[in-house]
Amino acid sequence: MSWMNSGGNKKSETEVARLVKEVMMADDFDLKHLENFSVRRSLRELDNDPNKKKIEFPDDWAQADVTINIPTKSKDDARLFSVPGFHFRPLLEVIRSAFADVQANAFHLAPFKRMWKDPLDNHQERVFDELYTSDSWLDAQDELQKLPREPDCTLERVIAGLMFFSDATHLANFGTAKAWPLYLYFGNLTKYARSAPKSGACHLVGFLPSLPDKVKDLLRSFPRISKSGMATLHTHCRRELFHGCWDILLDQDFLHAYRHGMVLRCADGVLRRIFPRIFTYSADYPEKVLIATIKDMGSCPCPRCLTPKSMFTSLGLRQDMKSRLENLRVYVTTNITRAREYIYRWGNTVDGVKVEEMLGEGSWVPVMNKFVEKLGSLGLDPFRMLVVDFMHECELGTWK
């Protein structure tokens, strides 16, 4: 009874009686079974498949292992570590599936400016309401039409507007099971249809893996590593894993389609050359800093601009808006490459003095941004694509 009335207040009389009769008084109950008992370990064992059955996915799904380099503070002695269980759909297969679906009948394949005309004085105002009515899409369409045509190809060239969204989540209130799904929406579809709960407009791309617990065991085996150093190295591995996943997703087939397009028969039966273009990536702040390869709440915590923390008191003022437009983030590829040489070639620590000096201001981290590395030369700005996440930043009541 002392246990029942202590701790949490969710232990009812019925549950306490059931604990005594069905567990403690059971014939197979043995106190030795509780030696070295760990709730977390037991929950983890329940989360794992006891039969080790292979999970079968549909035909267009693939599975890959993500290999990351773990620095060891020794010259030219990085450890390769493979993280299994990255289940994903190739991006081109998702695009083909979307354009073959009946919902593609409602796709807008040509951008336009939407204007509103006042019936009283006939003055006009521009309306910004959809992705395909935005300046970003109009500019992308103009740049696309300026590209040289493919040999012997006279097909119409249109854009597939890609809008990514990801959010790590726990699968149950009890247990350690969690998932990190990656979704894809198409901006060609109006937001009123795209946002409907039963529209089926959300395409599941894959499940981003998390670092397994055995990574910590590997880090503990490194000589002369402190707890803070291990935490920093573990964070570095998480960043490497995330961009390792995107290194797989942004494969050669996708890059070829980004440059030269892919011929698809649209819902109206007409063959067109489709060019995928990434416009937005919606995520909460912890994931935005992973995408932007910056420190979480560093000296310049914004993933879109270089506004320092000291300017936070000016939030919303004209001076703040002017500063945000004048100090947009530009990826410092040369500095990142040199910083990684200090770490992987010369044995410097991830947060060492030389590394921090090379990275400079901007809260950068020594991780190669795969969006910049693969799509930067093709016109993608990975910082501009990080849009405001209304669910996490506004609707929860906290501006993060």
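Two strands count as paired if DSSP finds at least two bridges between them. With that in hand, welcome to a few close-up views of this predicted model.

**View 1. The open sheet as a whole.** Let us start with the overall layout. The sheet is open and is built from 7 strands, which follow the order β1-β2-β9-β8-β5-β11-β10 with mixed pairing. At its edges lie β1 (62–70) and β10 (262–265), each of which pairs on one side only. From one strand to the next, the twist averages 35°.

**View 2. Strand β8 beside strand β5.** Here we look at residues 156–166, which make up β5, and residues 181–186, which make up β8. The two strands run in the antiparallel sense and share 5 bridges. Leucine 162 sits opposite phenylalanine 186 of β8, while serine 166 has leucine 182 of β8 as its bridge partner.

**View 3. Strand β8 beside strand β9.** Now turn to the other partner in this part of the tour. Strand β9 covers residues 203–207, and its antiparallel pairing with β8 has 4 bridges. A handy landmark is leucine 184, which stands opposite histidine 203 in β9.

View 4. Arginine 265 faces leucine 271 of β11 across the pairing. Between the two strands of this hairpin are 5 residues, and glycine 269 takes a positive phi near 85°.

**View 5. The two faces of β10.** Which residues of β10 lie on the covered face, and which on the uncovered one? Met262 and Leu264 belong to the covered face, whereas Val263 and Arg265 belong to the uncovered face. In a regular strand, side chains alternate between the two faces of the sheet.

**View 6. Threonine 349 in its loop.** Our last stop is the loop that joins α11 (333–344) to α12 (353–359), where threonine 349 is found. Is threonine 349 buried, partly exposed or exposed? Its relative accessibility is 32%, so threonine 349 counts as partly exposed, since that class lies between the 20% and 50% cut-offs. Beyond its neighbours within four places in sequence, threonine 349 touches Lys73, Ile343 and Val355. Tyrosine 258, in turn, is 91 residues from threonine 349 in sequence and 37 Å from it in space, C-alpha to C-alpha.

Notes
Residues are numbered from 1 along each chain as its sequence is written. This is a predicted model: local features need pLDDT of at least 70, side-chain atom pairs count only at pLDDT 80 or more; totals for chains, interfaces and linings use all residues. Side-chain values use heavy atoms; hydrogens and water are left out. Axes are lines fitted to C-alpha atoms, for helices over the stretch in contact, and angles run from 0 to 180 degrees between N-to-C directions. Buried means under 20% relative accessible area, exposed over 50%, partly exposed in between (1.4 Å probe, protein chains only). Contact means heavy atoms within 4.5 Å.
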